[in-house]
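Hello,

Here is the structure you asked about, with the sequence alongside. My notes on what turned up follow below.

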Amino acid sequence: MNEWWPAPAKLNLFLHITGRRPDGYHELQTAFQFLDYGDRLKFTVTEDSQITLQGDLPDVADQDNLIVKAARLLQSTCNCHSGAVIQLEKNLPMGGGLGGGSSDAATTLVALNKLWQCDLSEDQLAGLGLQLGADVPVFVRGHAAWAEGVGEIFTKIDPPEPWYLVIFPQCAVSTAEIFSATELTRDCEPLTISGFLAGEGSNICESVVKKMHPPVAQALAWLAQYATNPRMTGTGSCVFARFDSATAAENVLEHVPEHWHAFTAKGCNKSPLSFCAQDFD
């Protein structure tokens, strides 16, 4: 049994906005793929009902932290009287578009469902996850997915699993800020899964983010020297490029300017969290 539970990063391999609903939410199309790199969490079950989070998130109060929210939501849903001390090893940047907070929340739901013996199904956990954020269910379900609606309607996909170089250009991007931008395109023609797998699709938010956050534009321009079609993930700020091998990605990593944080990782169609949950069983 694993003591540490992975909370893997995700990439949005493309992102289109096809419309806007009357309630203000955007209708999206995107494809999620996991990375074998991310945060890690350790859970110690306690006999009281307290949820204690230990980790370096100085700017996020417990009541606003998705990890604490996920634990308390599971507690209340299952009328669970146990508690937990949760240790967070934070490796993913905040505001980078890698899904760190959503992944942490999903790992909390999956792990504590096992440790507290709540016995909720995957569908039930995904439903709880949706209450926390649109990206949380894909991390709960643990398979690369084509997503539509506000990001909550999933179809499993199996795109290629290349190596990626990911660059965080040391700036955080607010999703709300980008989605409220007047110049954001909101009428993309719907894309099909087969079209995406054939290479169609882009990140419609990229031009807006590049204008509002010049370091993102600089990182994309730098990466374009070494790779074909580098792209931004989600609403940024992280950018990525795909490579055929770990060696090729590592060779470019060696040249990344020191003022940016960067790493290489393998694309995974099955989340590392899924393997950890299986090992627990």
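To begin with the cysteines: Cys188 has 12% relative accessibility, so it counts as buried, the cut-off being under 20%. Please keep in mind throughout that this is a predicted model. Cys188 takes part in no disulfide, and the nearest cysteine sulfur, that of Cys205, is 8.7 Å away. Cys78 counts as partly exposed because its relative accessibility is 24%. The closest cysteine sulfur to that of Cys78 is in Cys118, at 3.8 Å, which is too far for a bond. A disulfide would need the two sulfur atoms within 2.5 Å. The structure as a whole holds zero disulfides.

The largest pocket holds about 1,200 Å³ of space. It is lined by 43 residues, and those closest to its centre are Ser102, Ala134, Asp135, Thr175 and Thr235. By type, the lining divides into 18 nonpolar, 19 polar and six charged residues. Several elements each give at least two residues to this lining: strands E1 (4-20) and E2 (26-46), and helices H1 (66-78), H2 (100-115), H3 (122-132) and H5 (175-179).

Thr30 is a residue of strand E2. With a relative accessibility of 3%, Thr30 counts as buried. A polar atom of the Thr30 side chain lies 2.5 Å from the backbone oxygen of Phe14. Setting aside neighbours within four places in sequence, Thr30 is in contact with Asn12, Phe14, Leu15, Ala145, Trp146 and Ala147.

Last, some backbone geometry to look at on screen. Most residues other than glycine have a negative phi, and most peptide bonds are trans.

- Asp119, which is not a glycine, has a positive phi of about 65°. Asp119 is in the loop between H2 and H3, and at 67% relative accessibility it counts as exposed.
- Asn229 also has a positive phi, near 55°. Asn229 is in the loop between helix H8 (214-223) and E8.
- The peptide bond from Gly236 to Ser237 is cis, with omega near 20°. Ser237 is in the loop between strand E8 (231-232) and strand E9 (239-243).

Regards

How values were computed
Residues numbered from 1 in each chain as written. Predicted model: local features only at pLDDT ≥ 70, side-chain atom pairs only at ≥ 80, totals over all residues. Heavy atoms only, no water. 1 Å grid on protein atoms, 1.4 Å probe; cavity = no way out; pocket = protein on both sides within 12 Å on 5 of 7 lines; lining within 4 Å. Points joined across faces, edges and corners; volume = space filled by probe spheres on them. Helix = DSSP H or I, 4+ residues; strand = E, 2+ residues; numbered from the N terminus. Nonpolar A, V, L, I, M, F, W, Y, C, P; charged D, E, K, R; others polar. Buried < 20%, exposed > 50% of the residue type's maximum accessible area, 1.4 Å probe, protein only. Polar contact = N/O pair within 3.5 Å; in protein donor to acceptor, adjacent residues only side chain to side chain. Contact = heavy atoms within 4.5 Å.
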